[in-house]
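Let's take a walk through this structure together, one piece at a time.

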Amino acid sequence: MLTYMDVGLSFKENQEIVRLLRRHPNQLELGLFGALWSEHCSYKSSKPLLARLPHEGRFVVQGPGGNAGVVQLSYRWDLAFKIESHNHPSYVEPEQGAATGVGGILRDIVAMGARPIALADILKFGTDDKSQTLRRGIVEGIGDYGNAIGIPTVTGTVGYSEVYDANPLVNVLAVGLRARNVHVGADGARPGSVLILMGQATGRDGIHGASLLASQDFGEQTEEMRPTVQVGDPFMGKLLMEATLAIVGKGLADAVQDLGAAGLTSSTAELAYASQVGLIVDVSQVMCREPEMSAYEIMLSETQERMLVSIPLDKLKETLDLISDYELPYTEIGRVVEGDFLRIVKGDVVLADVPTGVLVGGCPRLPIPSDLSTLLGEELLEEETSIPLNPEWGYQVLGHPDCRERSAIYRRYDSTIGVRTVWGPDHDVAVLRIDDTDGVAIAVCAPARWAAVDSTAGGIGAVVNALSLVATQGAEPLGLTDGINAGNPDKPQAYRRMAGLIEGIAQAARVLEVPVTGGNVSLHNETRGQAIWPTAAIGVVARHPHPLSPVLDQVARPNLRICLLNPPKVSRLGGSVLQEILGITGSYPRLDLAGIKSSLHVLMDMAQKADQAGLAAVRSIGLGGTFVAIARSLMTPSRNVGVQLNLPADSLVFDLFNEMAGQWILYIEPDFLSKWEDACQARGVRLQDIGITTDSPDIVIKGGRTVTWPLQELWHAYRQGGDFIGR
Amino acid sequence: MSDHTAQPTVGIIVFPGSNCDQDTVLAIQALGARAVVLDYRLAELPPVDFLILPGGFSYGDYLRSGALAAAAPIMDAVEKSAASGMPVLGICNGFQILCERGLLPGALLPNPSGEFICQWQTVRVVNAPKGFETMADGTVLRLPIAHHDGSYRVAEGQLASLFEHGQVFLQYSDDKGGAHALVNPNGSVANIAGVSQGSVVGLMPHPERAMAQYLGSDDGRGFLAAWLGLRGNVEC
């Protein structure tokens, strides 16, 4: 006999169910509620906070609530895109956990009728021995799925900290392309239509994945959770993707919903709720992999590679012929009727019958505490005002795991399939060609250290960081997607940190006027009471004005002026890689959003016509600060150009290593310097001329005493880490 | 058969799990040839002048990569056409399938690292096979590789015979054309990246992904144009 606790519900929630149903739920119904009222499916702790995010924008076609957000790219194309997390499964079973994360977000994009064209991974790993094993498995799993299904991984980010030892993060962004005249989602099902479940036969894998695995902290019993992880099959995923896109392309379905967390339960309930119809689902018609599966198991299985489509009767034959042509298993499992309920039957016997308004819409939300704004006040840790430079720090910061070269990971992902990748993972921003006129810039970031103390500052920084990256291309941002990862929301401190993070994202997105069209929240990233840093994974898609000729991010010529665009008035090291190396904990500064907004405008205008602006190269400043941005811009294959910088000695460390986002390093043809000065002056933006490129391959700082970093040694640090032997 | 001098017709075979078929169609069309997608269930081929087995993970690489597709219905017809001299090109998974079918010598084993590798690679033309006459031996091409099972191996004693019979088509090389261990990405014997047998050719790199400078290289365009017998300037 199951109790509410067995399905992950609280006593209060159980009371609420009884009140709303005016009866006690039966065992199967209790299972349905356990899944849909879980943190993972209901967003009960975060939803009121997420309401603070801006969702409206000029290019928004579909905001949050669907399987993915959709924005308009051009008069021909829309883009569907979203970040999903698969953190808990990836810790329990790294390869399959990560692989099914990729499969899951791809199905979300496909369910919007869009063909996936790009993937990006946002990964956070711990630093202990076990984390090495986890990292290998997670990278392998991501590659296994993405490579086989044939979607290129075009960008990504990876970070390391001991706070992720027992809670690695696997967030995946997928981007899909949809013709502008296609509109499909979960909300169009009409009475009379037939429900077809196609793909993998349903097995006993992943039962309670949403309610128990993803919605609770880890403890000693995590090992026992392994059966709650699903197993992915990219081959079936590929067939399912092609069949679904063919069905949508021919206009055969009135609604499509993929099966992800909580399997058939959430897909049927959400389709019914979104379409405002009733559904009758016959579990005896569901294909099962194993005999004697109970209705409970069938409804809660999280078997991968399944899609639910609602097909009007007159299009049924054509649809079934098409599915058969792909040799995909399928059955008719139910039908759409007038009403507002989900009814589970087995032949003539009714097993469950609940109003979707209660099942999907009834979950009590955690109200925002009335004193939240006071709780989110700036957390400022004092930092020193003057530190003498130790040149060794240059190598240590550039060689820090968060800054150094990462081809060992990304070359295990296919980045060239699809023949759209103009810039792939060896750059900070991906550039994709769509057709003769259209292009997309995609960037992701997750600067978690910035949120370690003041999570609001970190949330602001993450959004600014992502937008600064696409601005280097003169690309117009169309929309943002956010992956929120945090600890146990029932604990006041973890809740406050999550709330601060979301508030920071909301503030930045509002001021910079870029809508958030969807995302994901993963809570309970906590093991034995140790929570991760609140981590925002931000993805942005932007319209690239000239995708066949990206604005360069490296320099190969001497005598270019080097300028800082929008350097901070006061540079602070809070939350930086250098601070971590020095063993200091500091709070990331709250950025001046108004100033950044003006700078973004200047850069966008100039980078759209980079030739006419004498812009030879540009890099956004982020992790590792100006020093890392400059060093990386010199890492050309020949590495024959260096820089000479004139920076004041007293603030040198702050100028080189502060990570305040929303500033850029520019390499400008000398003749064009005045043009930039005029453009900046017109918008009140600071432009600081700091030096010149030289034909001597090193970074030289003049000002006080001369400091020199030979490029060859920087290259070794970048390739092999900051503590490499032999320097 | 269509007229060679006008617009050659290229049949591109799609197996379940193929994923480079559309990229290959685009490449062929960009060269001004006609591309026809052929279903793996066909027992006979429609009139085509060339055949390509594109890359991908046919049948999910289950059993061994290429093993199940090698037994697909259409492969009987492919074998027959190859015997009568039709040019057949296998790219990546297509190469694996042709080896599994016995239409090309040797086998492709998992990379010794056990890892998938995606990177740009230079390869040298060792012996231009039938159909590639316009491509000079020693030409160095820049093409991407993207595979998990690309380690080319032959039976003991077979390697010398491959070289003697001019069947070694491409070798992984440095950008000057030097083939040595440092530039061997996957432990292939003698750095072999592509081989031929009669009118059948297979290679691991992806020429269809190197059709324009903005993608990183346009050497694949020259490669495919040479195979199709299209000389001179090819329009975009």
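Start with β27 of chain A, the strand at residues 698–702, which pairs with β28(A) in the antiparallel sense over four bridges. Before going on, keep in mind that what you're looking at is a predicted model.

What is the order of the strands in the open sheet of chain A? There are seven of them, and they go β23-β25-β22-β26-β24-β27-β28, with mixed pairing. At the edges stand β23 (615–620) and β28 (707–710) of chain A; each has a single partner strand, so one of its sides is left without a neighbour in the sheet.

Helix α24 of chain A, residues 711–720, lies across β24 (642–646), β27 and β28 of chain A, and it runs at about 60° to β28(A).

Next, move to a pair of helices. The axes of α7(A) and α9(A) come within 9 Å and cross at roughly 40°, and that crossing makes α7(A) oblique to α9(A). The crossing is right-handed. On the α7(A) side, the contact is made by A:Asp144, A:Tyr145, A:Ala148 and A:Ile149, while α9(A) brings A:Pro234, A:Phe235, A:Gly237, A:Lys238 and A:Met241. Sort the residues of this contact and you get six nonpolar, one polar and two charged.

Those two helices turn up again where chain A meets chain B. Here, 24 residues of chain A are in contact with 21 residues of chain B. On the chain A side, the elements giving two or more residues are α7 (129–149), α9 (234–249) and β14 (421–423). That side of chain A divides into ten nonpolar, seven polar and seven charged residues.

Finally, step back to see chain A as a whole. Its secondary structure comes to 24 helices and 28 strands. Along the principal axes, its C-alpha atoms fill a box of roughly 85 × 50 × 45 Å. A compact globule of 727 residues would have a radius of gyration near 27 Å, and chain A, with 26 Å, agrees with that.

How values were computed. Residues numbered from 1 in each chain as written. Chains lettered and ligands numbered in written order. Predicted model: local features only at pLDDT ≥ 70, side-chain atom pairs only at ≥ 80, totals over all residues. Pairing = 2+ DSSP bridges. Contact = placed C-beta atoms within 7 Å. Axes fitted to C-alpha atoms, helices over the stretch in contact; angles between N-to-C directions. Nonpolar A, V, L, I, M, F, W, Y, C, P; charged D, E, K, R; others polar. Parallel < 35°, antiparallel > 145°, perpendicular 65-115°, else oblique. Left-handed = near helix turned anticlockwise from the far one by under 90°. Rg over C-alpha atoms; globule rule 2.2 N^0.38 Å.
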